[in-house]
Amino acid sequence: LKMKPDTAMTTPPSAFPDALSKTGCVDASDPKKPASGLVPYGVRSPLWSDGAEKERFFALPEGGTITVGADGDFDFPRGTVLVKTFRAFGKLLETRLFVRHDDGEWAGYSYEWNDDGTDAQLLPAGKTRALAGGESWTYPSRAQCVQCHTTAAGGSLGLELGQLNGDFVYTSTNRVSNQLATLEHIGVLAAPLGDPAKLARYPEP
């Protein structure tokens, strides 16, 4: 379930793909589908985003593993990509990639979906998009991404023990399983976690 070296997102910001279909994070023939190397996940206490539905995935570089800190935060290797897609008001709106580059720094990239839902284009800056019915959607700038995804927070926000310690429906296999147990089973954790029942678990809102 790990991305192959040729699809791991280690591209420097100056050469970042201008279309989501070119990133290696999605099926190039149908960008609405994740690439085969991505691992889906969900969080127990999600951030409210104007009622948007979200799909979340991550990809590790070949051979990369996740270290879990004493505080429960996940520390990802360089070359990791976190993917989050937003659907709201009846349409695909945005896919965000949060990438840990070769220098160890994280950076965020927002892709705006076209009206047909066939692909999404990289935005050079933040913007607000008017939608039908007087609604609107705001796309963050790259600087805004790291205002919340800080070094002190460990880069990623939702990926931690308390958020992932719960059941998740894995649509590729149609199975329900505890996410922490699944991550340990597929070998992406640097060390075993033990019984999820004895680990931090956030309440659902």
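**Close-up views of a predicted model**

The protein has 3 helices and 14 strands; helices (H or I, at least four residues) and strands (E, at least two) are DSSP runs, numbered from the N terminus. This is a predicted model, in which local features need pLDDT of at least 70 and side-chain atom pairs count only at pLDDT 80 or more, while totals for chains, interfaces and linings use all residues. Residues are numbered from 1 along each chain as its sequence is written, and side-chain values use heavy atoms, with hydrogens and water left out.

**View 1. The whole protein, to get your bearings.** Of its 205 residues, 46% count as buried, meaning under 20% relative accessible area with a 1.4 Å probe, protein chains only. Take the contacts (heavy atoms within 4.5 Å) with a separation of 6 or more: 52% of them link residues 24 or more positions apart.

View 2. Strand 13 (residues 167-170) runs antiparallel to strand 14 (residues 175-178), and they pair over 4 bridges; pairing takes at least two bridges found by DSSP. D167 has N178 as its bridge partner in strand 14. Between the two strands sit 4 residues, and in this turn N174 has a positive phi of about 55 degrees.

**View 3. The second largest pocket.** A pocket here is an open set of points on a 1 Å grid over the protein atoms alone, with protein on both sides within 12 Å along at least five of seven lines; lining residues have an atom within 4 Å of a point. This one has a volume of about 620 Å³, counted as the space filled by probe spheres set on the points. Its lining has 25 residues, with P40, F168, Y170, T171 and S172 closest to the centre. Strands 2 (30-34), 3 (39-41), 4 (53-59), 13 and 14 each give two or more residues, and so does helix 3 (179-185). Strand 4 has the largest share, 4 residues.

**View 4. The largest cavity.** A cavity is a set of grid points where a 1.4 Å probe fits but cannot get out. The count comes to 1 cavity of 30 Å³ or more, and the largest cavity holds about 100 Å³ of space. Of the 15 residues lining it, V26, P31, K32, E55 and T85 lie nearest its centre. Strand 2, strand 4, strand 7 (81-88) and strand 8 (91-100) each contribute two or more. Strand 2 gives the largest share of this lining, 4 residues.

Notes. Buried < 20%, exposed > 50% of the residue type's maximum accessible area, 1.4 Å probe, protein only.
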